[in-house]
Structures are given as C-alpha cells and as structure tokens.
Amino acid sequence: MVIAQISDPHVSAAGGKFDRLLATTEHLTRAVAHLNALRPRPDVVLLTGDLVEHGRPDEYRRLREVLAPLAMPLFVIPGNHDDRANLVRAFDHHAYLPRDGGFLQYTVEEWPVRLVALDTLVPGESGGRLCADRLAWLDARLGEAPGRPTLVFMHHPPFATRILAMDAMGLEDPRALAAVLRRHPHVEAVACGHIHRTIVHRFAGTVAAVCPSTAHQVALDLPPERRLAVVMEPPACLLHVGPDGDAGLVTHVSPIDDSHPPFVVYDGERWLADAKPPPGFRR
Ligand SMILES: [Fe+2]
Ligand SMILES: [Fe+2]
C-alpha cells in the first residue's frame, strides 16, 4: 500500500495576498499533477490540514476545484486555519466526513493499513488540542483492531520541534496522546502537518513525521532564534509505503519538482557503463 500525504496548501481567494506572495493555489495544482504521475500510483492521498487560509466558503470552493483532477481517494482533516462547518459543506461529496457538527474524526477501513483521522482544531486558536473526548474516541477506535497496522493522522505534531515560533502554537499536552498510543503498539506512524517542514521524531513507541507544505516552507531557525520566516524551499509530499511481511511502514520524501529527469545507471541486471544522461539532466 502506498499512502501519499500532502499538507498545508493554504488555498486563498483568487487574486488575494497568498496568490500574489506565495502562489499557494498554483503550488497545489502542481502537487495534484505530481501525485497523479507517481508510479506506482498511491492508493490514497491524505491532506493534513490548513486546507485554506481563512476557512471561508469561497476558498473551499476553489480548493475543491484544484483537487478535482486527483485520481485517487482523498481524505482530509482540518488544521488551525480551517473551519469545520465550511469544510464539510464544501466537501459534501466526501461521505466519510462526520456531519453531526462535532469533531472531524473518522477511520478508513478499506486498505491493508487502517487510517485513523484526528481533529486537533480549536476554533480561533493557532495551537491544537486533543481533549478528553477526542482521545477517548481514539482509544476506542484503536482498541477495535489491535492486529491491524494503523496510521494516525492529525494536523498539529505531538512534539516540540525546537523551531520556537512554531512550538508556541503546538499541540497542548502531547503526553495525554502518548499515554493512549502506548496502549496500542500497532500504530505504525503518526502523520502530521502544520510545521511546513519535513521532521521525524520518536514518539510514544511509534514514529511521528511531519509533512512539508505543498507551497511555502518554514525556514529552519533553531534556538536561540525566535523569528518565524517562510522560505520557498522545494515543496514535497510524503509516501508512507508498506507494510511488507513483518516490516512496517517506510516513509519517503517525494519532492514536487518534475524538472529533474532520472538518469538510469543500472537497468536491474547490469550497470550501464556508457549510459548518457537524458535531456534536461542537471548536474
Ligand atoms: Fe500551515
Ligand atoms: Fe497549521
């Protein structure tokens, strides 16, 4: 199974500041084309929050249009920039989204890896929270299928990244989540967004991984730096691949930049000593 993950597209209204400054919607269009061109084609795509910039209906309509060409099933969760009601209204064709006005948490059961979506949104706040209700739901869901490899996905990563400006808007009390996850060793990974960088951390007996944004990244400023800067480093998606027998998921980074054609140096049987790089191959 190949689980593709993209994050933090921050689509805004047409012609707005995010179009002019960061071209977020153009970047998401490129990400969709990249995902469709991947071989093997991912089985599913996860979109881990901050879908739009201001949670507005016109932004969600635009997001839906940009995502429409995606060739595989898509599962979305909210981030701190999202609005649950507007999201659910715009994604009325996404039957898995709960429509009871509560948290947007759900499970996906149709593939070898079970997917469990968590909702860390606190309306009006940049930081995230998993309250007792959300954690009790997670504990119950994970308890239903202890034998199945499971991937949990959520917007706010459950650990301090040491990028201080982002940690100031992190997840409240990650230890409460850790206590739940430690009871369920079949959780292969916790896939997150929010930080706009690729980051990996050992967490509660599993692996927590942060997916970069499809658009702008957060500049890598480690302490003592306290500023927050964005940088147009190459966007990327994550590919969570597996499991294979006893071996669990393996996570790869796939840059969303198709201007680097591969130069084949080994054809599976022999090394191609005299192979010539393809047109466009850049040193
Ligand atoms: Fe974001
Ligand atoms: Fe965020």
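Me: What makes Asp50 a bridge?
Reply: In this predicted model, Asp50 bridges the iron ion (ligand 1) and the iron ion (ligand 2). The two ions lie 3.6 Å apart.

Me: Why do Asp8 and Asp50 count as a pair that ties together parts of the chain?
Reply: Asp8 lies in the loop between strand E1 (2-6) and helix H1 (17-22). Asp50 lies in the loop between strand E2 (44-48) and H3, so the pair ties together parts that are 42 residues apart in sequence.

Me: How do you know which atoms are donors to the iron ion (ligand 1)?
Reply: A donor must be an N, O or S atom within 2.8 Å of the metal. Asp8 (OD), His10 (NE2), Asp50 (OD) and His196 (NE2) coordinate the ion at 2.1 to 2.3 Å. Along the chain, their spacing is D-x1-H-x39-D-x145-H.

Me: Why is the site of the iron ion (ligand 1) called irregular?
Reply: The angles among its four donor atoms run from 86 to 175°. Tetrahedral needs all angles between 85 and 135 degrees, so 175° rules that label out. The site is classed as irregular.

Me: Which residues of H2 and H3 meet?
Reply: Thr25, Leu28, Thr29 and Val32 in H2 meet Arg62, Leu63, Val66 and Leu67 in H3. By class, that contact has five nonpolar, two polar and one charged residues.

Methods: Residues numbered from 1 in each chain as written. Chains lettered and ligands numbered in written order. Predicted model: local features only at pLDDT ≥ 70, side-chain atom pairs only at ≥ 80, totals over all residues. Heavy atoms only, no water. Contact = heavy atoms within 4.5 Å. Helix = DSSP H or I, 4+ residues; strand = E, 2+ residues; numbered from the N terminus. Nonpolar A, V, L, I, M, F, W, Y, C, P; charged D, E, K, R; others polar. Donors = N, O, S within 2.8 Å, 3.2 Å for Na, K, Ca; no water. Tetrahedral: all angles 85-135°; square planar, octahedral: opposite > 155°, others 65-115°.
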